[in-house]
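Student: Hi! Could we go through this model together? I have a handful of quick questions.

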Amino acid sequence: MPSSDAEPGMDAASAGQPPGERAVSVLWSFGKCLAALLPVYLAGYFGFSISVVLFGLMIYMGWKHSRLEKVMRLKSAMYLLENERECTTEKVLRAKRDLPPWVNFPDVEKVEWLNKILQQAWPFVGQYLEKLLVETIAPAIRTSSIHLQTLSFTKINLGDKALKVVGVKAHTEHKKQVLLDVYVSYAGDVEINVEIKKYFCKAGVKGIQLHGKLRVILEPLIGDIPLVGAITMFFIRRPKLDINWTGLTNLLDIPGLNAMSDTMIMDAIASHLVLPNRLTIPLVADLHVAQLRSPLPRGVVRIHLLEAEDLTAKDTVIKGLIDGKSDPYAVLRVGTQIFTSHHVDSNLNPQWREMYEVIVHEVPGQELEVEVFDKDPDQDDFLGRAKVDLDIVKKARVVDDWFNLRDVPTGSVHLRLEWLSLLPSAARLSEVIQRNQNLTSKTADPPSAAILAVYLDQGHDLPMRKGNKDPSPVVLISVQDTTRESRTCYGTNNPVWEDAFTFFIQDPLKQDIDIQVKDDDRAFSLGALRIPLTRLLASPELTMDQWFQLEGSSRIYLKIVLRVLWLNEDATPTTPSPRPSDPNSGMGPGGIPSEQATGGLGGSAKPQPSRPQHTSPDPEFGTEGVLRIHLVEAQSLIAKDNFMGGMVKGKSDPYVKIRVSGAAFRSHTIKENLNPVWNELFEVILTRLPGQEVQFELFDKDIDQDDFLGRFKLNLRDVISAQFIDTWYTLHDVKSGRVHLVLEWLPRVSDLPRLEQVLQYQSQQSYLNKAVPSSAVLFVYVERAHGLPLKKSGKEPKVGAEIILKGTSHRTKVCERSTSPRWDEAFHFLVRDPRDDVLTVKLSHTWGQALGSVVLPLREVLVEQDLVLDRWLSLDGALPESQILVRVEFKILDTKLALCRKAAGDGSDDISGDGSPYVFPRWDPSHLDLRHRAAFTMPGEHGNGVGQVKLTIGYSTEENRLFITVHSCRSLAACSKDGADPYVSFILLPDKKATTKRRTATKKRDLNPEFNERFDFDFSLEESIQRRLDLSVKNSVSFMSRERELIGKLLLDLDQLDLKAGVTQWYNLVAETN
């Protein structure tokens, strides 16, 4: 038997093998020995030097060593992830940087439940990846090149090790978004093999490590499912990556190629997932994806690299017996932005005096990393590094300090960091330019006065290539000497790029934006455009969001935003302290980095910066608006209170529920009425976010369960664009019923004389829910306090602030123990009469022990310039030096209803500024169209009793289009006992080929249908004026039906309308006999 014939030296596994397999194994071992000796034989045969053999042997040994190191790192990482708690417990005395995030930082939470879900779902993720690679990616690769036509994935296995979430940190600073830092760690036994049969080439991956901090942003928050408009993901810093290669890609593990390949892969990942690049996944329609993918920066940091001291000497003489000098230079990094200073020869205390500007996209999160090196002919020596959290710079505005260099015995670097805020106004532009002219530095680029963001959306009707072929357009955007290039959209003359670019601007008064649209070969021009930045300075909020005309009919849609860079000089610090004398490695007590230790940013006690004199709120502070909802009445509601099993029709007791952006309102109940009149007013403060809706639901009040009477909803964007709407809305999901609403998005002004007119109008209004219209909205920004008293126990307090206006109050977060807490929180209030209201701010220790308060009558804000109070206020009931820094901003709600004028000849004492009399109308149900209460159709009304249609007809000069919007119809004539199934059809005469014929959707059994459909026509203004609208409202009937098809007609000459201004009105329909 084979086992008995086995040689004594053969192991048990070999003894159990069949003779054929043993023979193959012996041949394979012989072949490997022959392959190892073959290079030596060939070198001798061809007369090569022995150094060639030694060089090859060195490469092989380096490759083997690199492979073994990677395998050991992968196994160690797998073991650590599987036994994280045990390893942490055993080695808890190690430096903090070696511990997991949930141990280092108490606000990082473990999410073991999520890891269990990922582990359960991991096999199915592998199935999806296999299907994606085999069915989608592989065919795409094969069609991309003739050399890859035989490519196939021979093995796809994600392994058993799932991606692990080590910790999650939630940031609550921004109330309009959900911001999460997800610490991900993956040490997986993934195995993916690829083969190209044509060239007998095999390659693959066996094992990957990936560790990094992934930021996930859920924004915008919306008031409808799925509650989040989009998901944005990115790495704030480059993640750590380690790949084990197999097959031909084993060559990438050769020393030198190893680092190069990993760098190239990380560059590819960074181009998509490392700031400023983001992966954005929209969840709802009508989102500006480019603005989510590339939002306006949080700010700009101007870095002054001044000097360094006591650096380590690396250029030693006689093998270190005699200390020499160093030739230091610095490398500065913020995300993907990298700057390198010049090097200073033979100096351990170099002075650079250089200035750089970096864009900051995310705070907290982004850091400035400074590394110092010694310049050498071969490999530069490391002289230390320092890190600064840019969130500290944002809060301090100016940081001028020394920073200890870590990972070296001695050394420190002197930096001045300035936080430049983004101003949406050009009021301070000349002052900024004058300041910049006084700055001096050794860098070639002068200081920037502004930052420019260009959002490239889409193009329309670009010219065709020769041979009438579709172009592949790419856009080149240049500002002075800087050029950015968009991605290429292949084979279309209506491209959608959705790209964004950012430029530093030295002087907007002298610079232009040059835009070139070219085919992908760069030879054929598809259009050009030059936009002077002075044109942008004249635009509202320094923003242009519109179509721009290229040659001919070609257009391009751009959003261009300019922001002035402003340094708050009130935050300028005192003279920096001398270099820290602590010669340690830059670590503070307990392993805390020295720049975060309590002794100051540089690791030693220093004078604190002087207090700022004004607040520095977020640019979105005070941008909210107010929606006013006047619930007037309803008609023809369904009777739900029936008697005798429905044989006797009763009434209903209707009431309305209103929901918008988390706020809910309810009207009072009107007893036994199918045509109720509520006359109630509701107001809500809203942020302009896409996807928001105002929802209305009607119910019949019952003792047990309320019956449903219908619903409808409105898009808030439509209300904001219209500003004022007074119309009827048809109820959905019921047979009949409609509601009359007056909706107004209130403009906000800072014109104090206008307040008196608004208050006079407000005083003459009365509503059944006793609501008083607001005359203004008050924005309050609570930034910080200073010099607060200690607790009775002598400890520093945990301070929270409560802001109170009449019966409404808001609370800030509770800060950690400090006598100078900082909140940076904003609040808003609706104000009825600012002449009598008082704003109160109370400070306390965890809402217990009082620490002081301030009482501010709002009439004091009314005398401030632009109705804004922004300064330190002294606290009552505290120490003499106790103060709080707040910003109180007042905006008057300028309702259009207060602009109505009295009829001519009506004597009045109310005279406006130009001598014309004003009237402030009181709401009176008599002004309503009560003739429609009994029924929707009354003979003799609206023409010949067939109804009316509401249209908007206008001409857009920006888009060079005529547009017609069919809003609704009312009081249509019934065509059967069930009413009618109406739709609107029209044509623009003369039109022999009926190319302008359009029709709306059909509304079932509705004599008051709502369509809200828009139709566009590519006509010039002259051609539009010559057209005649032939419109018909028809009843949708079957082929064999005897019901009347035509309900009514409308003939309208467009030259009778002011098309440029746009006209919205009701038009009478006439019967066919007329």
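Student: First one: is glutamate 672 buried or exposed?

Tutor: Glutamate 672 is exposed, with a relative accessible area of 59%. Here buried means under 20% relative accessible area, exposed over 50%, and partly exposed in between, with a 1.4 Å probe and protein chains only. Before we go on, this is a predicted model: local features need pLDDT of at least 70, side-chain atom pairs count only at pLDDT 80 or more, and totals for chains, interfaces and linings use all residues. Residues are numbered from 1 along each chain as its sequence is written, and side-chain values use heavy atoms, with hydrogens and water left out.

Student: Good to know. Where does glutamate 672 sit?

Tutor: Glutamate 672 is in the loop between β31 (663-666) and β32 (677-686). Helices (H or I, at least four residues) and strands (E, at least two) are DSSP runs, numbered from the N terminus. The phi of glutamate 672 is near 45°, a positive value in a residue that is not glycine. Most residues other than glycine have a negative phi.

Student: And serine 636, what is its phi?

Tutor: Serine 636 also has a positive phi, about 50°, although it is not a glycine. Serine 636 belongs to the loop between β27 (625-635) and β28 (641-643).

Student: Why does serine 636 count as buried?

Tutor: Serine 636 counts as buried because its relative accessible area is 19%, and the cut-off for buried is under 20%.

Student: Let's zoom out. What is the mean pLDDT of the chain?

Tutor: The mean pLDDT of the protein chain is 79, and 81% of its residues reach 70 or more. pLDDT is the predictor's confidence in each residue, from 0 to 100. Over residues 574-609 the pLDDT is below 50, and this stretch has 74 contacts in the model beyond near neighbours in sequence. Contact means heavy atoms within 4.5 Å.

Student: How many helices and strands are there?

Tutor: The chain comes to 17 helices and 53 strands. Of its 1074 residues, 47% count as buried. Among contacts between residues at least 6 apart in sequence, 65% join residues at least 24 apart.

Student: What lines the largest cavity?

Tutor: The largest cavity holds about 50 Å³ of space. Its lining includes Trp728, Arg738, Cys969 and Trp1066. β35 gives the largest share of that lining, four residues. The lining residues divide into four nonpolar, four polar and three charged. Ala, Val, Leu, Ile, Met, Phe, Trp, Tyr, Cys and Pro count as nonpolar, Asp, Glu, Lys and Arg as charged, and the others, Gly among them, as polar.

Student: What volume does the second largest pocket have?

Tutor: The second largest pocket has a volume of about 2000 Å³. Of its 49 lining residues, Arg717, Asp718, Ser721, Ala722 and Arg1014 lie nearest its centre. β35 again gives the largest share of this pocket's lining, here six residues.

Student: Last one: where is asparagine 244, and how far is its C-alpha from that of glycine 207?

Tutor: Asparagine 244 is in strand β7 (residues 240-247), and its C-alpha is separated by 5.3 Å from that of glycine 207, 37 residues apart along the chain. Asparagine 244 counts as buried, at 5% relative accessibility.

Note on methods
On a 1 Å grid over the protein atoms alone, a cavity is a set of points where a 1.4 Å probe fits but cannot get out, and a pocket is an open set with protein on both sides within 12 Å along at least five of seven lines; lining residues have an atom within 4 Å of a point. Grid points are joined across faces, edges and corners, and a volume is the space filled by probe spheres set on the points.
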